[in-house]
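Biologist: Please take a close look at the pocket in this model, and tell me what lines it.

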Amino acid sequence: MYNTVLNLHSYWAFLVLAVLIIATINSIINYVGKKEYGPKDFRLALFTIIVSHIQLLIGIILYVVSPRMALFSELGMGGIMKDSISRLYLIEHPIINILALVFITVGYSKHKSKLSSHAKFKTISIFYSIGLVLLLSRIPWSMWLGL
C-alpha cells in the first residue's frame, strides 16, 4: 500500500504544481494587465484549491502508512532532527506544505470577498505565490526526480 500511495502522491504533485503555477501566472498577468475577473479565472482558482487539498489528503495517508514513522520511536525527536533526510520527510515537508496550503486556502477565501477584479487578482497573486514558493522549497527533489 505504501508504494501505491507514494506513487500517487508523487504524480499528483506534478498536477498540483502545474495548476498552481498556471493559476499564479494567470492572476499576476491579469493583475498587471488590469483585466476583468471572469468565470475562467474563478474555475482556475477553484481547481487549484481542489487539487491541492486532494494532495494534502494523499499526503496525510502517506505519512500515516510510511515506514519512516517508526523512526519516531527508534530515534526520538532529537535523532530525527539531527538527520537531515528524516527531518525533511517527517518534519519539514509536512509542516511547510501544510503551511503552503493554508496560504493558498486563505488566498482563495479572501479573493471571493473582494469586489473589484484588480483586488481579486492581487489577492490570488500574493497568496498563491507564497504557497508556490513554500511548496517548491520543501519538495524532496533528489527522490522526486530520481537524481
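Predicted model: local features only at pLDDT ≥ 70, side-chain atom pairs only at ≥ 80, totals over all residues.

Modeller: Residues are numbered from 1 along each chain as its sequence is written, and side-chain values use heavy atoms, with hydrogens and water left out.

The largest pocket holds about 690 Å³ of space; on a 1 Å grid over the protein atoms alone, a pocket is an open set of points with protein on both sides within 12 Å along at least five of seven lines, and lining residues have an atom within 4 Å of a point. Its volume is the space filled by probe spheres set on the points, which are joined across faces, edges and corners. Of the 29 lining residues, His-9, Gln-55, Gly-59, His-93 and Asn-97 lie nearest the centre of the largest pocket. Helices H1 (2–32), H2 (39–65), H4 (84–113) and H6 (141–144) each supply at least two residues of this lining, and H4 gives the largest share, eight residues; helices here are DSSP runs (H or I, at least four residues), numbered from the N terminus.

Leaving aside neighbours within four places in sequence, His-9 is in contact (heavy atoms within 4.5 Å) with Gln-55, Ile-58, Gly-59, Leu-62 and His-93.

Technical notes. 1 Å grid on protein atoms, 1.4 Å probe; cavity = no way out; pocket = protein on both sides within 12 Å on 5 of 7 lines; lining within 4 Å.
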